[in-house]
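Student: I have a two-chain model open and would like to learn how to read its features. Could we go through it together?

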Amino acid sequence: MPDTLPNPDLIAALPRLRRYARVLTGDMHRADDLVQDTLARAWEKRRLWQAGSDLRAWLFTIMHNVHVNQFSLRQREYAQASLDADDGPAAGWEIPVRPTQSDRVELSEVVGQIGRLPLAQREVLILAAVEELRYEEIGDVLGVPIGTVMSRLSRAREKLRRMNADTASPLKVVK
Amino acid sequence: MSSGLPLSDDDLHAFADNQLSPERTVEVAAALAREPALAGRVAEIKRQNALLRDALDPWLAEPLPAKLLRASADPPHGRLWRRLRPALAVAATLVIGVALGWLGREQMLRLEGTPITFSRQAALTHALYAADQNRPVEVWAADEQRLVTWLSKRLNFPLRAPDLNSIGFSLVGGRLVAGNEKPGALFMYENADKQRISLLVRKDDVASHETAFRYAKEDGVSVFYWIDDSCGYAISGRIDKTQLLAVARVVYGQLAAFEAAPSPRP
C-alpha cells in the first residue's frame, strides 16, 4: 500500500477538482473549501488509493462523498432528482455567468443551465461529457449502479436539450 | 452488421461519448447511417458535450489559490513527518533544551539582578554623574537624612548610605536613577584626591540567593556588584580594582549589619 500520494499528479488534478467542486456547490468559494476538504481527506485515506489507478477518479469519489456528507441540503436535491419537474435554477447556484472572451452567448448560458439541473444529474453529466470518465467509473465515483448512471445521464441531456430549445434563437432551432 | 443487437438509448449516449467497444461502435455507426433521427440525437449529444467543454474548460486555466496548492502537499502529519520523526524528535528536544536554557537564563538574570546590564548600568550611571562637577547628585550629603528617606520611599524599601569615611571616602550625596524595571538609588562618594565612587542600589521583584562579588569593567569603569536577597548593589569607580574591592567589602559589611538591625539611622 502506498504511504503517500503523488504530489505532481495531485496538483495536476487540482483544476479539474476545482471545476467539479464548482459544479457540485454552485459557489466559487464553497467550491474551493470543498477542494481543500477533499485534499485533506485524500491524505487521510492515502493508503486506500491504489498506486497506478486513476487518481483523478479516486479524488472525484472522495469529493462526492465529502460533499454529500457536508451538505445535507443536497440530500433533498437528490430526492428531487427523480421528479424531474422544476426548471428553476437550483438553490444556491451562484456561479457568475461572466461574459466570455468569445461572443458565444450560449457558453455563458450553459453554465446557468447546468445549475438548473438536479445535482445528481449534474454530476453524471459533467463526469461523462466534460471529464469523460467511463460510465463504470462514474458509477464507482457516485456509488450507484451503471443503470442509474445511464438514466441520470439521459435525463440530464434531455433537460439540457429542452432548455436550449426554449432559449435558443430561432436560427438554432433544428426541426 | 445488421444482425447486431438493437440500438438502445444507452448505445446512443455511449456512442456519442466514445465509450463503446470498437466492434459495437461499428455496429452502431452502421445503424445510425440507416436511422437519421437517431443520428440527429447523437449529433445533439455531441454538440452538447462540446458546448459544455467549451463553457467549462476555461475554468481549468484559472490560477490556483495558494491554499489549494498547500493542501496538495504532504500534510504536516504526513509522510515527511513520519520520515523525519526521529530527527524531528531530536530537534524538538534540542529546541526544548534551548528554550529551557533561555528561560533559565531569564530566571538567572532576574535572580542575579541582570549582572551584565546591572554592572553596565552601574558603570554608565557612574560615568555620567561622577564626571559632573557641579551637579553630581540631586541631594547633597548635607541633607543625608532627607536623601535616604526620599530614596527609600521611591525604591519602596529601607535604604541607608554606607559610611565610608574609614576608608577615605565621604558621601557627596545621591540621586534617583532609572533602572530596568524599577528606579535605582545612587550614592556618590569622593576621596581627598577627588576620585569618586558610586554605589548603585536596585531592588528587584524576585528574591534571589546571595551571590558572590562579581567584577566587571565597563568603559574604563570598574564595577563590583553583588546580590543580597533581592537587592542588587554595585560599587563603581575609575579606581584600582583592589581598592574598589576593599570599598565593596566595607559597603557589604555595613549593609549586612544594617539588615541585621534594620532600624532607621539615628
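Tutor: Gladly! Let's begin with a term: a nonpolar core is a set of buried Ala, Val, Leu, Ile, Met, Phe, Trp, Tyr and Cys residues joined through C-beta atoms within 7 Å. Keep in mind that this is a predicted model.

Student: Which residues have the most contacts inside the largest nonpolar core?

Tutor: The general idea comes before the case: in soluble globular proteins, nonpolar side chains tend to be buried together. Here the largest core has 49 residues, and Met63(A), Val124(A), Ala128(A) and Ile138(A) have the most contacts inside it. Helix α6 of chain A, residues 119-130, gives the most to this core, with nine residues. There is also a second, separate core of 36 residues, with Leu151(B), Leu186(B), Ile227(B) and Val251(B) among its members.

Student: What is Ala128(A) in contact with, leaving aside its neighbours within four places in sequence?

Tutor: Within chain A, the partners of Ala128(A) are Leu133(A), Tyr135(A), Ile138(A) and Leu153(A).

Student: How do α1(A) and α2(A) cross?

Tutor: For a helix pair, look at the distance between axes, the angle and the handedness. The axes of α1(A) and α2(A) come within 8 Å and cross at roughly 125 degrees. That angle makes α1(A) oblique to α2(A), and the crossing is right-handed. From α1(A), the residues that meet α2(A) include Leu17(A), Ala21(A) and Leu24(A), and their counterparts in α2(A) include Ala31(A), Leu34(A) and Val35(A). The contact of these two helices has seven nonpolar, two polar and four charged residues.

Student: What does chain B look like as a whole?

Tutor: Chain B has eight helices and seven strands. Of its 266 residues, 29% are buried. Contact separation is another thing to read: among the contacts in chain B with a separation of 6 or more, 58% are between residues 24 or more positions apart.

Student: Is Glu190(B) buried or exposed?

Tutor: Count the other C-beta atoms within 10 Å; 20 or more makes a residue buried. Glu190(B) is buried because 20 other C-beta atoms lie within that distance. Glu190(B) lies in strand β3 of chain B, residues 184-190. Not counting residues up to four places away in sequence, Glu190(B) touches Phe169(B), Ser170(B), Val172(B), Gln195(B) and Arg196(B). Glu190(B) and Val172(B) are 18 residues apart in sequence, yet their C-alpha atoms are 6.4 Å apart in space.

Key
Residues numbered from 1 in each chain as written. Chains lettered and ligands numbered in written order. Predicted model: local features only at pLDDT ≥ 70, side-chain atom pairs only at ≥ 80, totals over all residues. Buried ≥ 20, exposed ≤ 12 C-beta atoms within 10 Å, placed from the backbone. Helix = DSSP H or I, 4+ residues; strand = E, 2+ residues; numbered from the N terminus. Contact = placed C-beta atoms within 7 Å. Axes fitted to C-alpha atoms, helices over the stretch in contact; angles between N-to-C directions. Parallel < 35°, antiparallel > 145°, perpendicular 65-115°, else oblique. Left-handed = near helix turned anticlockwise from the far one by under 90°. Nonpolar A, V, L, I, M, F, W, Y, C, P; charged D, E, K, R; others polar.
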